[in-house]
Structures are given as structure tokens and as C-alpha cells.
There are 2 protein chains.
Amino acid sequence: MGAVNIKKLAFELNLSAATVSRALRDSHEISRETKIRVHEMAKKLNYEPNPFASSLRKQKSKTIAVIVPEIANNFFSLAINGIEEVARERDYHVLIYQTHESSEIETSFLMRLLSGRVDGILISLACENVDKEQLKRISDQLPVVFFDRVHDDIEGVKIITDDYESAYNAVQHLIENGCKKIGYLLALNTLSTGKNRLQGYLDALKCNVLQDDKGLIMQSGANNDENYALIKNFIAEQKPDGILSSIEELAMPCYFACKELQLNIPNDLKLISFSNLAHAELLNPSLTTINQPAFEIGLEAAGILFKIFNKRWYEPNETIILKSNLIKRESTRAIL
Amino acid sequence: MGAVNIKKLAFELNLSAATVSRALRDSHEISRETKIRVHEMAKKLNYEPNPFASSLRKQKSKTIAVIVPEIANNFFSLAINGIEEVARERDYHVLIYQTHESSEIETSFLMRLLSGRVDGILISLACENVDKEQLKRISDQLPVVFFDRVHDDIEGVKIITDDYESAYNAVQHLIENGCKKIGYLLALNTLSTGKNRLQGYLDALKCNVLQDDKGLIMQSGANNDENYALIKNFIAEQKPDGILSSIEELAMPCYFACKELQLNIPNDLKLISFSNLAHAELLNPSLTTINQPAFEIGLEAAGILFKIFNKRWYEPNETIILKSNLIKRESTRAIL
DNA sequence: TATTATTCCGTAAACGTTTACGTAAATAAA
DNA sequence: TTTATTTACGTAAACGTTTACGGAATAATA
């Protein structure tokens, strides 16, 4: 602990602790000269106010929590980057929690945050089914903003991307470049995010009077190894000529599976994926991606949370939709 | 705030707050039956102890701070992942701060943390020159563990990788595969991390009686655009046949520069980089990397911090070195 | 001059815990 | 039986702020 507290500071200045406190918070009740004296002494003694005493008294923590499935993920780390920037501008602190897709862990974090440790929560939900009761209890008690991984059944402010349109356009792009049998690598299907992507895929097929076979939808497995096996099998059996992957993690194994199966991307199979990979351009072949504005989502989500803090937000159930970017690259190039 | 506090709980139970507090912390002074009653009522009323009151009284925050240059970075997000896991096991909270390589921001974070908000700090230093005075003041007041980005002049526990050997071996690998004129993309040179990597490069050249020209060392610039221009220029003018990049961010532009200059990797130029890119395998050509055990570094650093908390660490200046992994891929393949 | 308003600061209580100290009752030892 | 010990709990102070309330001194107004 910083050995110097407000009492010591007050003693040195021949003032009361109350005056010092007010001077530091720039209260109008304190004279200009006193304020200067206080600030100078505070600097001289390296006084740092005790945040716990302050939080306890003010019932404000100046801290927000960010709950995400994984930190080591291109999308989430960018989003956290955005959140941290906004928080720093506001002199807020950011607590990080990762659920590893477990709703049990998620719920336990949320419960612990009911203690008042944070003034608000930014959360991207785990894939496992959420405990809606608990989540309701939380969001009744403190501001919660959902981002990207959201759930229709849960009310609240949500920042998402145009998942439906993105998936739809991606499939359209595949079709325009010659695909007739388009597979879908399914994930996040317990969440609205995943449902919207899937629906975009399905509707695009329907609009183009293309095969809409259940067999063309591959549900992801429990881990990377399993996913690889599933994907390889899926490609080998279904022989799709185009694939839309709903998450980056499922697109990468496609490269390896195609190599193994001696299939050429994009000639034998065109691939497109939701992804925030920074180096999609450098892949072999470069990967056509649906790029979500992850950093901006972080900025927006945090910005709204602060608006809620400041009572400048009046739409408790508004959903804000940011546009993703379809970046066309080699992996979906039409055959000449 | 959770409306129910320890006094309400005590009132409901016809006990004193002191007894309730002790029962919750499993004190031996409380009878078994009372403990059970208290726990049941606490669960029933959804009691969550106020962390600020607790921290204020106990002078413990159950929180650690992680300060890194960037969150959206393969290495750091993996390290944070490791740190978060260790913290969660211990029921600790993790605060995240990013400096964007500014030592001014870094210092301001550190100063704010002197308030006692955290019990300890894990830090990976910014490239700009550190304010050693300030850092000394911090580490005198609370436990600090440095990881990866460390500085020789600053005392403390450090978790690093075998940068010197890694760079040395990387150059050796380039030489073995036919390189005669090896360039170095310099970064982090204000830190021991960067100095060690550079020295490994230099010594490997010396041992192989190879050209050791100042011109072959390219100092990185201020941003991505500048780096790209510098690198393109560097390759065009110096015409190295091998390059060791000290950070991932400088290796990627090499791909683009080579494409622009119509140089083939690995035939015209072999490339190797310190990198934690998950998909180095999929690059075109796949990139030979020096892979740091980022996740493990996070685990180790956090583990040591907790040992310090528990007075189970007696080496205030120990440096722990984890081994990086040289993964040989296409970008350094010997010409047949 | 008397009254009111303004400026500037101090006193003390409050935030919700934890813990040193005290104590009554029950049990053990002498 | 008397004394010492143990068990189980309560009282109250402390952690370091913030803020409601009050009050003295000065300035403004009647």
C-alpha cells in the first residue's frame, strides 16, 4: 500500500482530510490557493488515493469487466483492444475473464461480479447454453452490453455485425464464381450470431435454386483434431465445390484437408470464412474472408457502456449492427 | 451493489456480523452448525461479500495487473491466456493495460497501480526507454514479475526465452541452407530481449566467418507503412539471400516486398522470424519461425507471482529461461 | 448598523468488511 | 470444589475515503 494516505497529507498541510479530499476532486468549496497547495503536496508525497476506500464510499468501482470465450483469438483480442482504449480515456480499469466456451465458468464469473466489483460488464457469450435466469439477475443489477456472441432470448443492448447479410453475400459470391454445391461449416449455432449466419447461407442457396441438403452442413466437433477429421471426411464424402466457414478455426483445417485430399483451392474447392486473421492475404492461396470490424465493435460496446453510466443511453434493448467486410481473394477466384 | 450485506445476513441469522464473517471464512472459532446455517442463508440471500470493504480492511486486492504493449498480438494474447488461467485457479482477478509501446503510458499505469489496487504486476516492457527510477519505486512497493520484454538494468524476477540461442540457431539454419548474406530486421533493440537476439545473430555470423556489415541490419521504423518501405528498400539495395526478423510484424512485409520485387522465397531469399503466428504453416510459402512458448510464459510468470505472494519465492533476481522452438518450413528450404 | 449571502473549511458519520479483545458458558484439570 | 482451559460468540475499532451538515469569517445588501 502507498504509505501516504489522505490523513497524512492533511496533516502535512494543516488541513482536514475533508478539505484535502475536496481539493483533489476540484470542489468549488475550496479556494484556488488551497487547491494548489494540496496538489503540490500530493505530488511531492506521491499520494495515490486508495481505490477501495473510494469505491466503498462512492459505490463506484471505476472498473468494467470483459468476459469472452478466449483471449488468444484474433477477433476477441482486437475487440478487447478497442475496449481498453475507451476505458483508458475514461480512466477506467478493465478486468478480463475467459470462459473457454463453458457456460458454467461464465455463470460463476457473472455471479462473482454481483459483488459490485465492476460498474458494468461487456460480454460475448459462450456457445454452451446460457443460464438465462442468472443472466437476467445480473443485468437487473448492473449494466451489461453484449457484443458479437449474443442470444435472441436475452434482452439487452447488443453490438453485432450483419451476420445474415455477410453469409448471404458470401454464398452469392461463391455462386457467382461458379460454385454449385456449397457446404457450410457450422459453429456458434446455439447463438443468434450462428443462427443468422446459417440462415444467410440457407436463404442464399434458396434464392439461387441450389441444393440445400442437410448433408452439406457440417457441425463442428469438440476440438481441433476432431474438427480436422470431420472436415476431411466431409469434403471427401460430399465433394462440395465451395465452402463457407462460420468461424476462422474451421477454415484453417480445410487447407490441410485439401492438401491431404489433393484438392486445389480454388480450382476444386472455393473457400470463404468469417475471420479476423491479419495475414489472410499471405495464406496459400490467400483466403477470402468476411472481416468483422472487431476493434470498432470493442470501441462501440465500451462507448455504449459509458453512455449507460452517464445516463445518456435510453434504448435498453437496442441492437446495433456494424457492417462486416467481404474481402475477395484467391481462395474464391473463378476458374478461367 | 448487491443489496444484501453482512449485517443483513447477521440480522436474519440472529448473529453478529463478526460471527458471520468468521463463519464464511471457515474460522475455527465458529461451531460447525453455525457455519452451516450461515452458508445456507448466504446462498439463499445470494450474498456476495463486498470486495472493496474486504480489500480495504485486509489490504489485499485479490487482483493482479498485466501490462503489455499490445493485446491484439499473437504472443501477448497467448501469454495473457496463460496468466488468466492461473489467476482463475486462485480466484484472482486480472486487470489488463496496454501501453502501445509508450513508456509514458506505461509509467502512468504503474503510478496508478501504486494505490494498492493490485497485489502484484506482470509486465512486458514497452520499447521506449523506461523510467528506471519509477520502476524501482514500484517494485519496492509491490511484487513485479517481468516477462519476455525485459531490461538488464532493471532488477527483478524475469521470465524470458533463449533469445540469443534462438537467433544464433536461426542464422545457423540459414547458413546451412545456403545463405551467404544474411540480413537482420532489428526491433526491441532498447530491451535485453532485442539485444540478445541481435547478439545471437552477430555471433553466428562471426562463427561462420560471414559478412557482418552494419548495412545488413535494418532498424525498424515507426509504423507499418514505413516498415514496408524500409524493408523493400533494404532488400532491393542490400540484396540479402537470407533474413532473420526479430519480430513477426517485420516478417510479413517481407512477403509483400518480395512479391513486389519479384523475388522468390525461398529461392532468392530465405526468411525466418520470431513469431507466434498460429498459421505460419499456411503462409505462401510457409514461414520458418522461432516459436516462443507464450502460453507457458504466462503460466510461469503468474505462477511465480503467486509464489511471491505466498512467500515461497526466495530469488528476487532470478531469470527463468524457457526454450523457444525453431520450426523449419518452406521459407528457408535449401535450393535443390 | 443589522441582516443575509457567500466563501472556505472542519466534524463526524458512513461505506462493508475484518479482527483484536473481551466474556460467558461449558469442559477439563487440579 | 476450585481453578484453568476451551469453545463460541459479541463489541467495537479500524481500513481510507467521501459527503451531509454546520459554522466562522468575510462580503454584499437592506
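# Exercises on strands, burial and backbone

Strand E9 of chain A sends Lys270(A), Ile272(A) and Phe274(A) to one side and Leu271(A) and Ser273(A) to the other, and all are buried. Buried means under 20% relative accessible area, exposed over 50%, and partly exposed in between, with a 1.4 Å probe and protein chains only. Helices (H or I, at least four residues) and strands (E, at least two) are DSSP runs, numbered from the N terminus.

The model is predicted: local features need pLDDT of at least 70, side-chain atom pairs count only at pLDDT 80 or more, and totals for chains, interfaces and linings use all residues. Residues are numbered from 1 along each chain as its sequence is written, chains are lettered from A and ligands numbered from 1 in the order in which they are written, and side-chain values use heavy atoms, with hydrogens and water left out.

## Exercise 1: strand E9

Task: Find how many residues of strand E9 (residues 270–274) of chain A are buried, and which residue in E9(A) is the bridge partner of Ser245(A).

Solution: 
1. Five of the five residues of E9(A) are buried, so the rest of the structure largely encloses this strand.
2. Strand E8 (residues 242–245) of chain A pairs with E9(A) in the parallel sense, over four bridges. Two strands pair if DSSP finds at least two bridges between them.
3. The partner of Ser245(A) in E9(A) is Ser273(A).

## Exercise 2: strand E2

Task: State which residues point each way from E2(A), and which residue in E2(A) stands opposite Ala65(A).

Solution: 
1. E2(A) covers residues 93–98, and six of its six residues are buried.
2. His93(A), Leu95(A) and Tyr97(A) point one way, while Val94(A), Ile96(A) and Gln98(A) point the other way.
3. Strand E1 (residues 63–68) of chain A and E2(A) are parallel partners over six bridges.

## Exercise 3: chain A as a whole

Task: Decide whether chain A is a compact globule or more spread out, using its radius of gyration.

Solution: 
1. Chain A has 12 helices and 12 strands.
2. Its radius of gyration is 25 Å, well over the 20 Å that the globule rule gives for 336 residues, so chain A is more spread out than a compact globule. The radius is taken over C-alpha atoms, and the rule is 2.2 Å times the number of residues to the power 0.38.
3. Along the principal axes, the C-alpha atoms fill a box of roughly 85 × 40 × 35 Å.
4. Of the 336 residues of chain A, 55% count as buried.
5. Chain A exposes about 15,200 Å², with carbon and sulfur atoms supplying 48% of it. Accessible areas come from the Shrake-Rupley method with a 1.4 Å probe; for residues, only the protein chains shown count as cover.
6. The chain carries 39 positive and 44 negative side chains, and the centres of the two sets lie 7 Å apart. Lys and Arg count as positive and Asp and Glu as negative, with His and the chain ends not counted; each charge is placed at NZ of Lys, CZ of Arg, CG of Asp or CD of Glu.

## Exercise 4: contacts

Task: List the residues in contact with Leu198(A), leaving aside its neighbours within four places in sequence, and do likewise for Thr332(B).

Solution: 
1. Contact means heavy atoms within 4.5 Å.
2. Leu198(A) belongs to helix H9 (residues 192–207) of chain A. Its contacts are Tyr184(A), Leu186(A) and Ile217(A).
3. Leu198(A) and Ile217(A) are 19 residues apart in sequence, with their C-alpha atoms 9.1 Å apart in space.
4. Thr332(B) is in the segment after strand E12 (325–327) of chain B, and at 0% relative accessibility Thr332(B) counts as buried.
5. The contacts of Thr332(B) are His173(B), Leu174(B), Asn177(B), Pro266(B), Lys270(B), Leu271(B), Ile272(B) and Thr288(B).

## Exercise 5: backbone

Task: Locate Pro266(A) and Pro285(B), then classify Asp91(A) and Asn14(B) by accessibility.

Solution: 
1. Pro266(A) lies in the loop between helix H11 (248–260) and E9 of chain A. The peptide bond from Ile265(A) to Pro266(A) is cis, with omega near 10°.
2. Pro285(B) lies in the loop between strand E9 (270–274) and strand E10 (288–291) of chain B. The bond from Asn284(B) to Pro285(B) is cis, with omega near -5°.
3. Asp91(A), in the loop between helix H5 (74–89) and E2 of chain A, has phi near 60°, a positive value in a residue other than glycine. At 39% relative accessibility, Asp91(A) is partly exposed.
4. Asn14(B), in the loop between helix H1 (6–13) and helix H2 (17–24) of chain B, has a positive phi of about 55° although it is not a glycine. At 72% relative accessibility, Asn14(B) is exposed.
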